[in-house]
Amino acid sequence: MLDFVPVIPTPMISSRSILLALLFLVPVPSSAQYAWSDLSAEMQVRLAMIREFMDREVIPLEGEMLHGDPERLDAGVLAAQAKVKQMGLWAPNHPVEFGGLGLSMVDHGLFAEAVGRSPLGMTVFGTQAPDAGNIEILHQHGTPAPQDRWLRPLVAGEIRSCFSMTEPA
């Protein structure tokens, strides 16, 4: 067994050229390769609603985020979150039984692509880190007591969570 990785010098081939070759040779799936007919009618409507909402409500908030008043930004995000909830698009990747939409992995990817156009998108739709990961952990491994105390309010956007890590002493 080798306890090292042998390196063979290749001065003519850089890591950048290998990366570029891989980018052009390896097909990478994207939403552009999914035909709209492959999506459910419900998901097509959701994506159209999300794209329109991002253009109309979320992307205009970015100026406030970059150059404005934090209190006005918070008020704008809260107003946008209320609209998302009214539209029935809140917490799409979270479990239905806890108030989310329970999207499939492909639908979640398409959702993430649509809201990822803005750094505020995930927050406005209730899927921001670290809450999204903590929701998954509580959903899959939590007992009913912590799920009622923490999971339901997290999915509803009523509280925020955190993540911390320590090193061994």
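Which residues form one aromatic cluster? In this predicted model, the answer is Phe53, Phe111 and Phe125. Let's start with the overall fold and then come back to these rings.

## Overall architecture

The chain has eight helices and zero strands. Reading from the N terminus, the order of elements is simply α-α-α-α-α-α-α-α.

Of the 169 residues in the chain, 30% are buried. The chain exposes about 11500 Å², and carbon and sulfur atoms supply 63% of that area. Sequence separation is worth a look too: among contacts between residues at least 6 apart in sequence, 65% join residues at least 24 apart.

## The aromatic cluster

Two aromatic pairs are counted in the structure. One of them brings together Phe53 and Phe125 in an edge-to-face arrangement, with 5.9 Å from centre to centre and 85 degrees between the planes. This pair links distant parts of the chain: Phe53 belongs to helix α2, while Phe125 sits in the loop between α6 (121–124) and α7, 72 residues apart. Phe53 and Phe125 are both buried.

Phe125 also pairs with Phe111: the ring centres are 5.8 Å apart and the planes stand at 75 degrees, so this pair is edge-to-face as well. Because Phe111 lies in helix α5 (residues 105–115) and Phe125 in the loop between α6 and α7, the pair ties together parts that are 14 residues apart in sequence. Phe111 is buried, as is Phe125. Put together, Phe53, Phe111 and Phe125 make up one aromatic cluster.

The structure holds eight salt bridges. Which residues are linked in a network of salt bridges? They are Glu52, Arg56, Glu57 and Lys83.

Where does Asp131 lie? Asp131 is part of helix α7 (residues 131–141). Its relative accessibility is 3%, so Asp131 counts as buried. Leaving aside residues up to four places away in sequence, Asp131 touches Leu154, Ile159, Arg160 and Ser161.

One of these neighbours, Arg160, also meets Asp131 through its side chain in a salt bridge, at 2.6 Å from N to O. This pair again links distant parts of the chain: Arg160 is in the segment after α8 (144–156) and Asp131 in helix α7, 29 residues apart.

## A charge over a ring

One further contact involves a lysine and a tryptophan. The charged end of Lys85 sits over the ring of Trp90, at 4.5 Å from the ring centre.

Technical notes
Residues numbered from 1 in each chain as written. Predicted model: local features only at pLDDT ≥ 70, side-chain atom pairs only at ≥ 80, totals over all residues. Heavy atoms only, no water. Helix = DSSP H or I, 4+ residues; strand = E, 2+ residues; numbered from the N terminus. Buried < 20%, exposed > 50% of the residue type's maximum accessible area, 1.4 Å probe, protein only. Contact = heavy atoms within 4.5 Å. Areas by Shrake-Rupley, 256 points an atom, 1.4 Å probe, with all protein chains shown as cover. Salt bridge = Lys/Arg side-chain N within 4 Å of Asp/Glu carboxyl O. Phe/Tyr/Trp six-rings, centres within 6.5 Å; stacked < 30°, edge-to-face > 60°. Lys NZ or Arg CZ within 6 Å of the ring centre and 35° of its normal.
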